[in-house]
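Please keep the sequence and the model in view while reading.

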Amino acid sequence: MFNYLLTSVGLLISIGLFLVGAVGALLFNKNNKLANWWGNVAAIFGSLVALIFSGSILVSKVPQTVTLLNGSQFFNTTLRVDLLSAFFIFIISLLGLLCSVYGLGYVKHYYNKYNLGVLGFFYNLFIVSMILVVSATNALSFLIVWELMSLTSYFLVIYEHREEENIKAGFLYFIMTHIGTAFIILSFLLLYRETGSLDFEIIKNNLANTSGLIQNIIFISALVGFGTKAGIIPFHIWLPKAHPAAPSHVSALMSGVMIKTGIYMLVRIAFDILPSTPLWWGVIVLIIGAVSSLLGVLYALSEHDFKRLLAYHSIENIGIILLGMGSALIFLSLGMKSLAALGLLAALYHTINHAVFKALLFLGAGAVISKTHTRNIEDYGGLIKYMPRTAFFFLIGSMAISALPPFNGFVSEWLTFQSMFNGVAALSSLTKLLFILAIGALAFTSGLAVMCFVKVFGATFLARPRSAHVKEASEVSLSMQFSMAVLSVVALALGLSAGWAASMFASIAVSLKNLNNFVPAISSTFKLVNANDLAIMSMPVAFGAIIVVTSIVGSLIYIVTRKQKVTHNITWDCGTNLTPRMEITATGFSRSIITIFNGILRPTQQTGVEYRDAHLRYFPKNSSIHFGLKDIYSIFFYKPIQELFLKVSEKIKKIQSGNINFYIMYIFLVLIGLLLIFVM
Amino acid sequence: MISIFAWIVQILFVPVFSPLLVGITKKIKAKFQNRQGASIFQPYRDLWKLLHKDEIVSHDASWIFKFSPYIILSLTIIVGASIPLLSLATKNNYLGDFLVLIYMLALGTFFLALSGMDTGGGFGGFGSSREMTVAALTEGGLICSLLTLALASRTTNLFGIVNFGLGFHLQYLPAIILAFFSFCISLLAETARFPFDNPATHLELTMIHEVMLLEHSGKGLAMMEWAAANKFLIFLTLAVNLFFPFGIAVSLSLGSLILAALVLVVKVLLLCVGIAALESFTAKFRFFRLPDLLFTSFVISAIAIGLIF
């Protein structure tokens, strides 16, 4: 029985379980509890089977293929899971598993408010569509499951449909994701034009004679299309609106894995399908990565909505992934394949790391929000006393995303740094300068990420409660704690097992066609990771050293100070009662950095005063100040495009006279035109 | 036998001598100001005194506040044990990478800033905010200045950098000097010295580092002060040993270790006089002028990298 799960049957069983979960949840939608359990338990088992299946492929390194129905080369339902697909299925099912366990407890607060059957239906379909996206082998079937993924996630975004804001966010997401899909279709159609097939395998082997121009167009439209899904700047505008609107365990999946499907296809197209790589592709990806990471973290710093802040960090981390991928593309174009493998390995490593710690942070945020019923960080404070375990798990997630050793985020940032260091060392002139700037961007990004998570953790969990909501909070249910605990352990484990994981991900990177089994510029044992003989480090030793030295320091200090008392009392109250108004807020915390970067962030502030007597303006009743940022993307990017469209439409309108004679004349002219074209 | 001795020195050097360095710096500053100044051993007495005082912890503080001093002190000891001090024989491949070093110290800064916010006092949070602002903007200059050396020597391991630097390479000298300037700016920012911060004052509206220690008392304060001293010595040692590595023992003998120690003391003292002079003759910068300085540091090191080929 167990052996079955390791073959391609495992994938089918998993898909079947998700479908059973989806349909069952919908059938039982009258009963809250049953719908919740049916939907989530099916998703748990479906994810578990997919996890075992993809894990076995990663270990055995043998791709699996399964065909559901015999199709033509225009449309077929063959699923092919090679190492890259297995890697992504592994991430999807790992997060699917933990988010579903979390969901069991989390969705209880929707009982009798929203329909849980619908949630279970779309939730299961959402996970299964992501698995299908990364295993589809045919452009048409890919587009169908891609659309399924977009639509199910759209319905999950607007699940709390009684809030006006969510509907708006969902609409923006709907529009943006379809603009992205349009570009994807364009690149697929061009691939079809060149090869006469929609099958990725056939396309891959028949592209050798394609002209550079066509390849460039294919790459650019894929970059725009999949980049929109991944949330690169400036196509990110939907992400900070849509992710916070969804239920938290769905936000975890969206931020953790759904945006990674964009990364998956970019890797697939750039490293596996398109045969040649001009230098400027890598340059563009590197620039997008640097800009997205730096701006993503700056916007996160200025944000006070808990989940929206995390969504901006997703943009930052996609940027970091693209830094690794961009350097890999540059190395590839210059024929340095072993360095390209190092860069791609860093990108893949960061992909799984980001999935793990971002899911952990979103689940932690969901736990806090479910107890305090607000997403505004300014209304929290002191939660560590009311939710100690959630706070601990969130602290681990914060350290991991801030790239602090010995957690996983550090390892992948280290690898990204090392691959870019190699870029500076190996290249000359402009590309070298570009790499220096990218290194600077990553360095500032990681520093600002630490700052941002000091802000989040400090404002949320430390000091005194700033609203009454906090005092009613209590620790969340066991299923939610379990998921966060497992993710914390995975975050640590992916850091400690850096050596083993790096060689595993390297084998995935070199399995792609363009890197055809080149030896990556990395060697590793369990203890050591050695990048290109330039750098060497060990995470288990770092962790061990921290544990050992802290315990020695702790015991020595204890021996010296054991006779001294520790009193708990009020400190620095200066004779008045300490109130929450005295502590720093998240706004205050990030204000200095916003002021420093005001050229980029364009902060705005509006002040308002309300008087007790509108005529006699002497006694103000209350005054308010509203800090915000100018939306430079709609002002400088989307608005001009919209105006252009309107202008052009305005011009075209003139031919619509409403007189039927004119329309007949148009038809006549077109006919003549067509005739001329065909005759000549 | 001698290698065990070298390792013991390597591990204990930073925590044992860092208070002395602080004492010496204060003494030099006092001399510049025509004061007698306290004995150079005063920091040791202060630590001993603080360790024997009772501790008051705010009602509002959580375990983060109590735990932070331990982890911050431990991290500076670990980093202190993995940088090149006296000899190349105590090289370690595990933690000797400069990115590991920077991020280990960043972990300490993370907890320092959290402990500043933990008690909910009016001062601590602003200190954390300023500290993190400065720390975030320092990172670029810090990484790029060390990267200059790493590119010249083709390794990011600190001992490898020193080993390369021991053979004198004239063609890299301009780049190394530029990178040294850039590193010195980062050093002043990281160790909370002028013109970034005034280490001599409490209760000043613009203070950064000291304000986060305000709520700590007794052993907590002792550990925080000690950790800050360790960090100061670590950065000074890095500045002199990485950029001007002459004097470091290559072979392992008692004589060469003592010679290396003497050379290190002279080099650190020279830099120390420089910092004390800077603190005596310049004024602290306005907070919003600090980013200019930090970006300058990044640009200088970017130019330095450009000079390496």
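A residue is called buried here if 20 or more other C-beta atoms lie within 10 Å of its own, with C-beta atoms placed from the backbone. This is a predicted model, and by that criterion helix H5(B) is mostly covered, since 31 of its 32 residues are buried. Across chain B, buried residues make up 61% of the 309 residues.

**Chain B**

Chain B has eleven helices and one strand, and read along the sequence these follow the pattern α-α-β-α-α-α-α-α-α-α-α-α. The radius of gyration of chain B is 19 Å, close to the 19 Å that the globule rule gives for 309 residues, so the chain is as compact as a globular protein of that length. Among contacts in chain B between residues at least 6 apart in sequence, 79% join residues at least 24 apart. The C-alpha trace of chain B spans about 55 × 45 × 45 Å along its principal axes.

**Helix H5(B)**

How far does helix H5 of chain B reach from its first C-alpha to its last? The values are set out below.

| Item | Value |
|---|---|
| Reach of H5(B), first C-alpha to last | 47 Å |

H5(B) is followed by Arg154(B), whose phi is positive, near 60°.

Conventions. Residues numbered from 1 in each chain as written. Chains lettered and ligands numbered in written order. Predicted model: local features only at pLDDT ≥ 70, side-chain atom pairs only at ≥ 80, totals over all residues. Helix = DSSP H or I, 4+ residues; strand = E, 2+ residues; numbered from the N terminus. Expected span 1.5 Å × (residues − 1). Buried ≥ 20, exposed ≤ 12 C-beta atoms within 10 Å, placed from the backbone. Rg over C-alpha atoms; globule rule 2.2 N^0.38 Å. Contact = placed C-beta atoms within 7 Å.
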